[in-house]
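Please read this report alongside the sequence and the coordinates.

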Amino acid sequence: MANYTTLEIVQENPNSAFFYLYLNRPNHRNALSRDFFTEFPRALSSLDQNPDVNVIVLSGVGKHFCAGIDLKTLTSISDQFVSGDRGRAGERFRREIKELQEAVTAIERCRKPVVASIHGACIGGGVDIVTACDIRYCSKDAFFSVKEVDLAITADLGTLQRLPSIVGYGNALELALTGRTFSSSEAKELGLVSRVFGSREELHNGVRVVAEGIGLKSPLAVRGTKAVLQRSRELNVEQGLDYVATWNSAMLLSDDLSEAVSAHAQKRKPVFAKL
């Protein structure tokens, strides 16, 4: 596997079908540097294309999940566009923002489910990242903040687009306008996370059980479920049903279906080919 300066990929068990992708700048509370935005989509793509990977668990090394964008990175980016023609500088700046956005959207483009395992701080860019993930869990000590407004920034990496569909428009607006910190229990109440674990160790063990369970299921069915749910956000019910009918007409009649039916009849666990 490739070496990264801001990330680490770990497979704890060589027989498991899930891999950990760690944000790995613990001395900076895993703040997002410019290198991160280059490395993150590359790392996700490598895991996506790896047939041994069925599930990706996204976590952070150290005491915190992610403290948001590194302020040095933010200053460096803004300094690049303060001189010269304002129109051309603005056009270049827009391209820079789009590139950063694409790094986060890479989570959604990944065919494999990405499970966020959150502890400690999840602030600003950290919220951008976890709202793009497919499932979110956290430990009791986790805390969250849509912090950009306090830095005179309109959040632009995905939170304002994804958070409303997760916690509701009114809740998302209140969190984004106030920038206030909210707890793990409130995150659960809002629906931002599916479950709160009592400690970081319990979080690690609980997420591992979930990832192992998903990893044993049909890769085609898991891939299809993620793709159809994502597409359905943009469609009405009739359009969504039409989309899944088209999807299953191509994917349903597979070896995975035969194996699942046979395993059920024989009262054994199914074994599916890699994707």
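## Helix H8 and its surroundings

In this predicted model, helix H8 covers residues 200–215, and its 16 residues reach 22 Å from the first C-alpha to the last, close to the 22 Å expected at 1.5 Å a residue. The residues of H8 that are buried are Leu 203, Gly 206, Val 207, Ala 211, Ile 214 and Gly 215. Several strands contribute to the cover over these buried residues, including S2 (18–23), S3 (55–60), S4 (114–118), S6 (135–139) and S9 (195–197), and helix H9 (219–232) is also among the covering elements.

Glu 212 also lies in helix H8, but this residue is partly exposed, because its relative accessible area is 32%, a value that falls between the limits of 20% for buried and 50% for exposed. The C-alpha atom of Glu 212 is separated by 6.9 Å from that of Ser 16, although the two residues are 196 residues apart along the chain.

## The pair H9 and H10

Helix H9, which takes part in covering the buried residues of H8, also packs with helix H10 (residues 237–251), at an angle of about 160 degrees and with the two axes 10 Å apart. Since angles over 145 degrees count as roughly antiparallel, H9 and H10 are therefore roughly antiparallel to each other. The crossing in which H9 passes H10 is right-handed.

On the H9 side, the contact is made by Leu 220, Arg 223, Gly 224, Ala 227, Val 228, Arg 231 and Ser 232, while H10 supplies Gly 240, Tyr 243, Val 244, Trp 247 and Met 251. Sorted by class, the residues in the contact of H9 with H10 are 7 nonpolar, 3 polar and 2 charged.

## The pair H4 and H5

Helix H4 (residues 125–132) and helix H5 (residues 159–167) pack at an angle of about 55 degrees, with their axes 9 Å apart.

By class, 4 nonpolar, 2 polar and 2 charged residues form the contact of H4 with H5.

Definitions and conventions
Residues numbered from 1 in each chain as written. Predicted model: local features only at pLDDT ≥ 70, side-chain atom pairs only at ≥ 80, totals over all residues. Heavy atoms only, no water. Helix = DSSP H or I, 4+ residues; strand = E, 2+ residues; numbered from the N terminus. Expected span 1.5 Å × (residues − 1). Buried < 20%, exposed > 50% of the residue type's maximum accessible area, 1.4 Å probe, protein only. Contact = heavy atoms within 4.5 Å. Axes fitted to C-alpha atoms, helices over the stretch in contact; angles between N-to-C directions. Parallel < 35°, antiparallel > 145°, perpendicular 65-115°, else oblique. Left-handed = near helix turned anticlockwise from the far one by under 90°. Nonpolar A, V, L, I, M, F, W, Y, C, P; charged D, E, K, R; others polar.
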